[in-house]
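Here's a quick briefing on the fold, worked through piece by piece. Have the viewer open as you read.

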Amino acid sequence: MSLSEFTAISRYFKEVGSASADPAISLGIGDDAAVVSLPAGRQLVVSTDTLVEGIHFPVGSSAERIAYRALAVSLSDLAAMGAEPRWYTLCLTLPELQPQWLEGFCHGLVDAAASSGISLIGGDTTCGPLTISVQVMGQVAAGSALAR
């Protein structure tokens, strides 16, 4: 059984995004864009990674492992910059929106996010070859980001 984009967002991703009630999120999943607030004296650190089936993970990998890896790779970029993880967006390109796959994928996201406390605040879903892009956002005290 295949799902529509909006049904999939409502059924799977809204729940993942609301897993942690973050008062800094004024508007999250389900709108055209997210709205977040940073405390005074903090800077936003942003990183994006894309994973493509057959290049960044083996064809036939489990949905849970793909999701976990996609978020973990991006979280490591925030850690390298000394940033506290806050939010992430997810762009998910799938050949078909299948409930069982999406359920496993969301479990992987929840598992990967659990230790960092990062919250899903939006993204996009589209049809095509399996590709996952994760954009993570974290915060640091102004002037304290670690650069190379």
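Start with helix α3 (residues 99-114): its 16 residues reach 22 Å from first C-alpha to last, close to the 22 Å expected at 1.5 Å a residue. That expected span is 1.5 Å times one less than the number of residues in the helix. Helices (H or I, at least four residues) and strands (E, at least two) are DSSP runs numbered from the N terminus.

Some ground rules: this is a predicted model, where local features need pLDDT of at least 70 and side-chain atom pairs count only at pLDDT 80 or more, while totals for chains, interfaces and linings use all residues. Residues are numbered from 1 along each chain as its sequence is written, and side-chain values use heavy atoms, with hydrogens and water left out.

**Overall layout**

- The protein chain has three helices and six strands, and along the sequence they follow the pattern α-β-β-β-α-β-α-β-β.
- Of its 148 residues, 41% count as buried; buried means under 20% relative accessible area, exposed means over 50%, and partly exposed is in between (1.4 Å probe, protein chains only).
- Take the contacts (heavy atoms within 4.5 Å) between residues at least 6 apart in sequence: 84% of them join residues at least 24 apart.

**The sheet**

- Four strands make an open sheet in the order β3-β6-β4-β5, with mixed pairing; two strands pair if DSSP finds at least two bridges between them.
- β3 and β5 (119-127) are the edge strands, each pairing on one side only.
- From one strand to the next, the twist averages 15°; axes here are lines fitted to C-alpha atoms (for helices, over the stretch in contact), and angles run from 0 to 180 degrees between N-to-C directions.
- β3 (residues 42-52) and β6 run antiparallel, joined by 11 bridges, and R42 has A141 in β6 as its bridge partner.
- β4 (residues 84-94) and β6 also run antiparallel, with nine bridges between them.
- Across that pairing, Y88 stands opposite V136 in β6, and L90 has V134 in β6 as its bridge partner.

**Cover on the strands**

- β6 (residues 131-141) is mostly covered, with nine of its 11 residues buried.
- β4 is largely enclosed by the rest of the structure, because eight of its 11 residues are buried.
- T93 sits in β4 and counts as buried at 17% relative accessibility.
- Not counting residues up to four places away in sequence, T93 touches T126, C127, G128, P129, L130 and T131.

**Helices on the sheet**

- Helix α2 (residues 63-80) lies across β3, β4 and β6, running at about 30° to β6.
- α3 packs on the sheet too, touching β4 and β6, and its direction makes about 160° with that of β4.
- The buried residues of α3 are P99, W101, L102, G104, F105, C106, G108, L109, A112 and A113.

**The nonpolar core**

- A nonpolar core here is a set of buried Ala, Val, Leu, Ile, Met, Phe, Trp, Tyr and Cys residues joined through side-chain atoms within 4.5 Å.
- The largest one has 30 residues, and L71, W101, F105 and I132 have the most contacts inside it.
- β3, α2, β4, α3 and β6 are the elements that give two or more residues to this core, and α2 gives the most, with seven.
- Leaving aside neighbours within four places in sequence, L71 is in contact with Y88, L109, A112, A113, I118, V134 and V136.

**Cysteines**

- How many disulfides does the rule give? The count comes to zero, where a disulfide is a pair of cysteine sulfur atoms within 2.5 Å.
- C91 is partly exposed at 34% relative accessible area, whereas C106 is buried at 6%.
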